[in-house]
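This report describes how a protein model is divided into parts and how those parts meet. Please keep the sequence and the structure in view while reading.

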Amino acid sequence: MDQVKHAPTWIVAVATAFLGAAAFGQDESKRILVLHPAGPSFDDAKKGIQETLGDGYDLKGLVVTKETSVEEVQKAWKEAAPKVVVAMDNRGVALFKDARVKMSDSVTPGVALMGVRIDATIRDVQNVVGINYEIPAVTTIVNLRSLLSNPIKKIGVVHRASMDDMIRKNAEFCAQENVEIVGIRVPDDADAKSALNDALKELTKRSDIDVLLVINDNFFLNAKLVKEVWLPRLSGWKHPVVVGVESLVKPELKFGTFAVLPDNYALGAQAAGLVQEIEDAGWKVEDPKVDQPLSVIKTLNLRGMKSCCGVQQDKLGEVDKVLE
Amino acid sequence: MKLHRAVPWLAAAFLAAQTSADKIYVFFPSMAKPNVVQAALQAKLSGHEVTVFGRLADFTTMIKQTPPDAILAPKALAEQFPDFKVFLKGARNGGALEPAVLISTKPVVADALATANVGVVGVLERPAMNGYVKSVVGSQPKLKIVTKVEDLLPLLTFGSADAILVGEGQVDEIKGRSQAALQTTDVANGKIGLLVASAKGDASKLEAALKTLGTAEKKMLGVDSWIK
């Protein structure tokens, strides 16, 4: 009888202890502040982080815009008391860096992604790792090569002088796959139209260039130059043209034949891996680095590709989108 | 009157239950895209409703939210869902397990694996992957988990991993994409479970249908035959 009488008290005690532990656990959850612009690409990446890390991690998002102030980031940072800050886009990374300085906080580690030249953006910043957003040429070429009947030995690229370091790094990666980058270097202060025209003239008259890689750089890649230089110069050139923008691979445009874009969800999953490395090291960056993006979405302009090159039909199942 | 009104509804519901297709969820990372695998399987498994998932999280979430009648998944993943009982095992060269292989650019020393970075495709949630890989290679390397098979090779190209861990059946496909001097190292006693087919209830129809899959479809699932 006594036991029966005391049972509820015992249950309450255990329940209280359990709930207390649960509450404590919640307080101790691994909170991550994510600074990100609005948009499906960033939502995908955030989803990739959350789903890869699982329920034990609490992501607090702050949508950043051009108008977001450092003070707003500081406020969100203080409220979240995050173990790590993930900063997306150059705006998010800049706000992260500024907030850190204002808060005199170099202890909270950061992960930077989805911005232009993340490697340059976080150079000399302590306790931060990142993932570049630019797809390395080797990734593009390995994916393209697996579709083609003909080998790829040399790829032509037109680039600005300020991209020398990026081209050099890409050349190193490509060399591992026995592919050479033939770059035409243009001074940053050159006239874009004439420089692009000359560069394409030079590349397309060479018989040893197997592929042309179009870099996402507004200097050379804009509506005016596509119409006035790229399309006329590449008309009749019977080799693949690889682009990094899906709209440029539409068959009716007769420009790009293969597009490779970042897989934002997988990029988030890759960032989650960096978060876990930081956690394993005791919530600090043990190995400062900028990784390359691993995963891509491939779109093939089959009509365009068939008109210039042999395609291995049995490999089309490896392409995310085939446009005809 | 009420019963009279209900009869057609009950009959319709009964007929719907009789004719509704068995729902099959598939998750098996391969070079082929999920939509392509889905179209190929759906064409062969008429009378069944096939959904192929490209993301592990989508697969596991949907199993909880809208449970299927059967699942096709790597053995390690299928074991996470005890409500589903294995009725058919995918096999290669007569076995439901295949040898585990490490692919690398430099020689891999088995004893040093515990300090190595090893790339692997995630077939389980991240924490469970550690135990899974340890059970295969015998030590606990640092894992670089990717979401797609095609993402393994870049791990080697960019020096992010010292080796990648795959089943023997994937070696040629991965090496075939690269012109780098890749080396393979067999994992001593390391075995990877192939795809299995599991169901909640009677799966005799699906079993018969799976056995009619052609070489191409079975290849997409990483198997060349089925065993009980």
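Predicted model: local features only at pLDDT ≥ 70, side-chain atom pairs only at ≥ 80, totals over all residues.

## Domains, sheets and interfaces

In chain B, a salt bridge links Lys33(B) with Glu150(B), and the closest N and O atoms of the pair are 3.1 Å apart.

Chain B consists of domain 1, made up of residues 2-93 + 194-227, and domain 2, made up of residues 97-193. The centres of these two domains, taken over C-alpha atoms, are separated by 28 Å. Where they meet, 17 residues of domain 1 of chain B are in contact with 20 residues of domain 2 of chain B. Two salt bridges are found across this interface. Residue pairs in polar contact between domain 1 of chain B and domain 2 of chain B also number two, counting pairs with both residues at pLDDT 80 or more. On the side of domain 1 of chain B that touches domain 2 of chain B, the elements giving two or more residues are α3 (56-65) and α4 (75-78) of chain B. Of these, α4(B) gives the most, with three residues.

**The sheet of chain B**

An open sheet of five strands is found in chain B, in the order β7-β6-β8-β5-β9, and its pairing is mixed. Strands β7 and β9 (183-193) of chain B stand at the edges with a single partner strand each, so one side of each has no neighbour in the sheet. From one strand to the next, the twist averages 30 degrees. Within this sheet, strand β5 (residues 97-104) of chain B pairs with β9(B) in the antiparallel sense over seven bridges. The bridge partner of Val101(B) in β9(B) is Asp186(B).

**The two domains of chain A**

Chain A is also divided into two parts: domain 1 (2-133 + 263-295) and domain 2 (137-262 + 297-323). The distance between their centres, taken over C-alpha atoms, is 36 Å. Seven residues from domain 1 of chain A and seven residues from domain 2 of chain A take part in the contact.

Which three residues supply more than any other three of the area that domain 1 of chain A buries against domain 2 of chain A? They are Arg117(A), Asp263(A) and Gln292(A), which together supply 64% of that area. Arg117(A) also forms a salt bridge with Asp165(A), with the closest N and O atoms 2.7 Å apart. Across the interface of domain 1 of chain A and domain 2 of chain A, one salt bridge is found, together with three residue pairs in polar contact, both residues of each pair at pLDDT 80 or more.

**The sheet and a helix of chain A**

Chain A holds an open sheet of seven strands, ordered β7-β6-β8-β9-β10-β12-β13, with mixed pairing. The edge strands are β7 (180-186) and β13 (321-323) of chain A; each has a single partner strand, so one side of each is left without a neighbour in the sheet. Neighbouring strands of this sheet are turned against each other by 20 degrees on average, direction ignored. Strand β8 (residues 211-213) and strand β9 (residues 241-243) of chain A run parallel and are joined by two bridges. In β9(A), Val241(A) is the bridge partner of Leu212(A).

**Where the chains meet**

The contact between the chains takes 27 residues from chain B and 35 residues from chain A. Five salt bridges are found across this interface. One salt bridge joins Lys144(B) to Glu277(A), whose closest N and O atoms are 2.4 Å apart. The interface of chain B and chain A also has 16 residue pairs in polar contact, with both residues at pLDDT 80 or more. Elements that each supply at least two residues of the side of chain B that touches chain A include α2 (34-44), β7 (142-146) and α6 (152-157) of chain B. The most is given by α6(B), with five residues.

**Buried areas**

The size of an interface is often given as the accessible area lost when the parts come together. The table lists this area for the interfaces described above.

| Interface | Buried area | Share on carbon and sulfur atoms |
|---|---|---|
| Domain 1 of chain B and domain 2 of chain B | about 1400 Å² | 62% |
| Domain 1 of chain A and domain 2 of chain A | about 590 Å² | 53% |
| Chain B and chain A | about 2500 Å² | 46% |

Over all chains, the structure holds 31 salt bridges.

How values were computed
Residues numbered from 1 in each chain as written. Chains lettered and ligands numbered in written order. Heavy atoms only, no water. Pairing = 2+ DSSP bridges. Helix = DSSP H or I, 4+ residues; strand = E, 2+ residues; numbered from the N terminus. Axes fitted to C-alpha atoms, helices over the stretch in contact; angles between N-to-C directions. Domains from an automatic or database assignment. Contact = heavy atoms within 4.5 Å. Buried area = accessible area lost by both parts, 1.4 Å probe. Salt bridge = Lys/Arg side-chain N within 4 Å of Asp/Glu carboxyl O. Polar contact = N/O pair within 3.5 Å; in protein donor to acceptor, adjacent residues only side chain to side chain.
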